[in-house]
Amino acid sequence: MGIFANLTTGLRSLLGDGRVEREMDEELRGFLESSAEQKVCAGMTPEQAVRAARVEMGSANSVKHRIRSAGWETAIENLCQDLHYSLRMLAKSPVFTLVAVGSLALGIGANTAIFSLMDVVMLRSLPVEDPGRLVLFGQGRMVGSTGGLPNGSSELFSYPFYRSFSEKNEIFSGVAAIDSVEFGTHGSIADAGREMMRASLVSGSYFSVLGVNPERGRLLNEADDKTPGSGAVAVASYAWWQRHGSDPSAINKAVHIEGHDYTIVGVAPQGFFGTTVGESPDFWIPLSMEKEISPGWNGITDKWFQSLYLVARLKPGATAVQAAANTNLVFKQYIRGEYLGQSPSPKDLADLQQAHVELTSAARGLSRLRVEFSLPLEILIAIAGLVLLIACANLANLLLARSAARSREFAMRMAIGATRSRIVRQLLTESFVLALAGAAVGIALAWKASHLLLTMASSGPQVAAMNVSPDLRVLAFTLLLTVFTAFLFGMAPAIRATRLDLNGSLKQSRGAAKPSSRFSLSRGLIVVQIALSLVLLAAASLFLRSLVNLTRVDTGFDRQNVLVLGLDEYSAGLPLDARLVNLQKQIEGRVQALPGVHAASFSMFTFNQGMWSDDISVQGIPRTSDNSHDALFNVIGKDFFSTMSLPIVAGRGFDSTDKIDSPKVAVINQTMAKMLFPESSPIGHRFGFGDDPSHSADFEIVGVVKNARYVGLQEDPQAVAYFPYSQRVQYFGNFAVRYSGEAAQMIPAIQRAIAEVNPNIPIASTSTLAEQVDESTATQRLIARLSAFFGLLAVFLVCIGIYGLLSYAVARRTSEIGVRMTLGAKRSNVRWLILREVLVLAAIGIVLGVPVALEGNHLVAKAALRAQSGRSSEHDRGRRDADCDRDPGRIFAGTPSFAG
Amino acid sequence: MAQKSGDVVQGTLEMLILKTLALEQMHGYGVALRIEQVSNGVFRVNPGSLLPALARMERGGRVKSEWRSTENNRRAKYYMLTAAGRKALKDETNAWGRQTAAISRILEA
């Protein structure tokens, strides 16, 4: 038979064409008749002959089945039969189906949701050409700017270095620079109203190095980035373009940002979100416009202003090792030549020794989220995996009980000719149907859950801009997971179910209560479930405990009744001089005059918003290892301390006598006072930034204020110095207001008061200090909540499992219980008989679970510690953030985090 | 009936069927009968093995079939060899010859 004939015969029998079946019957009948005739010829009576012929052939159905299995169509036919039968069996026991699909959906859904987050944060490659050839200079952990001489692993680089390196480099086919800060700002198109816009400043080489092609128009090129102020163009993101109706005429329109017009020259391709995971700028603007976008920054010409990430593409054939050697050589030469001058000090030379660039892969983009979330996500997926295991064990148990109840059915089917493998296949099909149904519901859950997770995990009102909807990769993961689970919970019951003593099973309507191995398997599963759920509960309690500890941490300031408004002051269009200070004072004054407002103040930081830190030296005190720690700084209004309810413990706070031309003053906190002046009063002493003795008298200490948390709840007490904004002019994002009464009524009143002073200052965000404190523990909160949820889910599943096991056991032992009671056993005896079994199982589960839980907690605690020490070293490096002599100028509204 | 008869040696059924059909085309029972007779009743082919084997070989293109009347005026499905079947028979006969010769040598050694 040719392939074509094979195909048509197969299709015909598949489509239920009776002819194939009829022909088979006819052939069999013919065979029987011929056989019988032959036997008659050999001397049998016709009856004997027919009987003998039938005995020889055996079950006609079985023969037909085997004939049919010669063709390919049987496999499909069997599958359809199995599917059909499975659906019927499942529909017959809706409660079982519901429990099974429900628990699988939760298990698979949780894993899918967490995996899709993991995929985005940790695994997915950038949507650019050959991302594997891209390298990042440093690890991309810091945001902002650093000012000092590079003296370690460099993370941020200056624009002059980028230029010089691009020219000298021989190992990369291209180098691109990206401003580490994504600027949140307000802008408008043509006559439309102002809207929040996020802009990323990039070098002209950015798109060509990444190998990205425009969706519309053109992307940025070197000409846009030639001379400072010359490249007033912008490339829109696809998402922004889509939000504006995918209007082709958007190109060549001007977008007005902070007093400048930028011509939109093109649209980036769909799915391209830049190079930092978790950010997705609306516009890419050439770095040549840095000063226009951010007036305080003059990084284009200043080699001390290091604020750029560098991403480069390896030349074909170049290895990462060659690239690292080459890069470091050029880097050191540059520092030696440009930074150190003719006669470098020994310290400078020591710094140069330490300075280096670590090349890391940029294939997956830059991501502080990756650093922050890797461990929590790993913990969560481990927890979700355990829950899925419990769900599988549970299901295996339910299936075992079911297959015991169906043993007569299986025995019957095997007796009339079904092979064992056929029944195993059918049972596995049932498992797959369950698993697939669970997966389908699970994916639907995950769709919602991954967004919820992202919102819960994001600290701050701004949800990290990421596409976390499950994509094909995630679906493939889920499919694999589903197949795996189906085998896991389906295989053992299917094999057990078909290991039958046919005669026995057929004769007994219900198996006697003999302690079968099947029963001990399900007991074992229950024990495992109890142990696993114990582990999950222990982990959940650990996370909850650490969260509770965090919420009890004394922040120093009073977090209640303080509003924190994000103002976009730059929109007022004032320069950085006394006029700006005046405006700020007016706003503070006007708001403080409102009924219900106790105090109001601008500040560089409130809490958990990043940091500004540097070395300090104190006049007249030689530097030792005890007093040369870095300090954190904050620039504030004169009523900041009363707004935050921080009492002055010595000296004075700031007042209106601290003017731009009066002596520079500072207030330090208790920790700094103790660190620098353990014996005496710090009032009247002087200090300065850096290790240069000529600057050590720059600021006079006029007061000591109570300690308050600065970066986070987990930090150790830090030395902090405060400066009045009247002596350090800058734009602020934060405006904090202490009030009494209803916040909802307060906000519009404050808004009106600000508009009365200057109508051009938009409020980008409103939150409260208490919310900021809560948001600083978003990750811990997420883990605690989810682990508690999963722990309870596990307990719930185990309860279902125990209930299923017991009801099955009791049903099996009905007659035994009857006999016992007839013989005089009391109800309580029987109850104890059953309960004892559960208690024994629970006891074994606990005995097994406790050591595992303890060990697990130990591991988690160790991992958490490691993560923390990782973070603190990050802070060490972060302290070089933002140099003293170079004001960051302004903190942009909507850019919540300023340091790594 | 011969009491010592049994199933054919494993793996040789298809070869025996091919050989039987090589002489003349016949229906399923004819094949079974012929094998039993020629082997003097040593091999007895069960319809439960024969018919699936024929179906398999038909799908594999080694035999083809045709409905025809028998000598008793009944309709029966007659099987005949195809070119592929003839070639398969030759190959399998050769292979079998080599194997039995080898086995004999071992047994006689």
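Colleague: Into which domains is chain A divided?

Modeller: Domain bounds here come from an automatic or database domain assignment. On that basis chain A has domain 1 (3-71), domain 2 (131-369), domain 3 (371-551 + 778-878) and domain 4 (562-770). The centres of domain 1 of chain A and domain 2 of chain A, taken over C-alpha atoms, are separated by 79 Å. The model is predicted: local features need pLDDT of at least 70 and side-chain atom pairs count only at pLDDT 80 or more, whereas totals for chains, interfaces and linings use all residues. Residues are numbered from 1 along each chain as its sequence is written, while chains are lettered from A and ligands numbered from 1 in the order in which they are written.

Colleague: In which sense, parallel or antiparallel, does S7(A) pair with S9(A)?

Modeller: Strands of a sheet pair through backbone hydrogen bonds, either parallel or antiparallel. Two strands count as paired if DSSP finds at least two bridges between them. Helices (H or I, at least four residues) and strands (E, at least two) are DSSP runs, numbered from the N terminus. Strand S7 (residues 233-236) of chain A pairs with S9(A) in the parallel sense over four bridges, and Val233(A) has Thr263(A) as its bridge partner in S9(A). Strand S6 (residues 216-217) of chain A pairs with strand S9 (residues 260-267) of chain A in the antiparallel sense over two bridges; there Arg216(A) is partnered by Val267(A).

Colleague: What do S8(A) and S9(A) form?

Modeller: They form a hairpin with two residues between them, and Glu258(A) in the turn has a positive phi of about 45°. Strand S8 (residues 254-257) of chain A runs antiparallel to S9(A), joined to it by four bridges. The bridge partner of Ile257(A) in S9(A) is His260(A).

Colleague: Where is Ser246(A) found, and is this residue buried or exposed?

Modeller: Ser246(A) is in the loop between helix H9 (238-243) and S8 of chain A. Its phi is near 50°, a positive value in a residue other than glycine. A residue is called buried if 20 or more other C-beta atoms lie within 10 Å of its own, exposed if 12 or fewer, and partly exposed in between, with C-beta atoms placed from the backbone. Ser246(A) is exposed because 12 other C-beta atoms lie within 10 Å.

Colleague: How many residues has the largest nonpolar core?

Modeller: In soluble globular proteins, nonpolar side chains tend to be buried together. A nonpolar core is a set of buried Ala, Val, Leu, Ile, Met, Phe, Trp, Tyr and Cys residues joined through C-beta atoms within 7 Å. The largest has 151 residues, and those with the most contacts inside it are Leu117(A), Ala234(A), Leu310(A), Val311(A) and Val387(A). Helix H13 (residues 368-405) of chain A gives the most to this core, with 21 residues. The core draws at least three residues from each of domain 2 and domain 3 of chain A. Apart from it lies another core, of 68 residues, among them Met604(A) and Phe689(A).

Colleague: Which residues does Ala234(A) touch?

Modeller: Two residues are in contact if their C-beta atoms, placed from the backbone, lie within 7 Å. Not counting residues up to four places away in sequence, Ala234(A) touches Val255(A), Tyr262(A), Ile264(A), Phe283(A), Trp284(A) and Ile285(A).

Colleague: Why does helix H25 of chain A lie largely in the open?

Modeller: Of the nine residues of helix H25 (residues 814-822) of chain A, the number buried is zero, so the helix lies largely in the open. Just after H25(A), Gly824(A) takes a positive phi of about 110°.

Colleague: How many residues does the contact take from chain B and from chain A?

Modeller: The contact takes 19 residues from chain B and 19 residues from chain A. On the side of chain B that touches chain A, helix H2 (28-38), helix H3 (47-59) and strand S3 (75-81) of chain B each give two or more residues. H3(B) gives the most to that side, with eight residues.

Colleague: What order do the strands of the chain B sheet take?

Modeller: Three strands form an open sheet in the order S1-S3-S2 (chain B), with antiparallel pairing. Strand S1 (26-27) and strand S2 (63-69) of chain B are the edge strands, each pairing on one side only. S2(B) and S3(B) run antiparallel and are joined by seven bridges; Arg68(B) has Ala76(B) as its bridge partner in S3(B).
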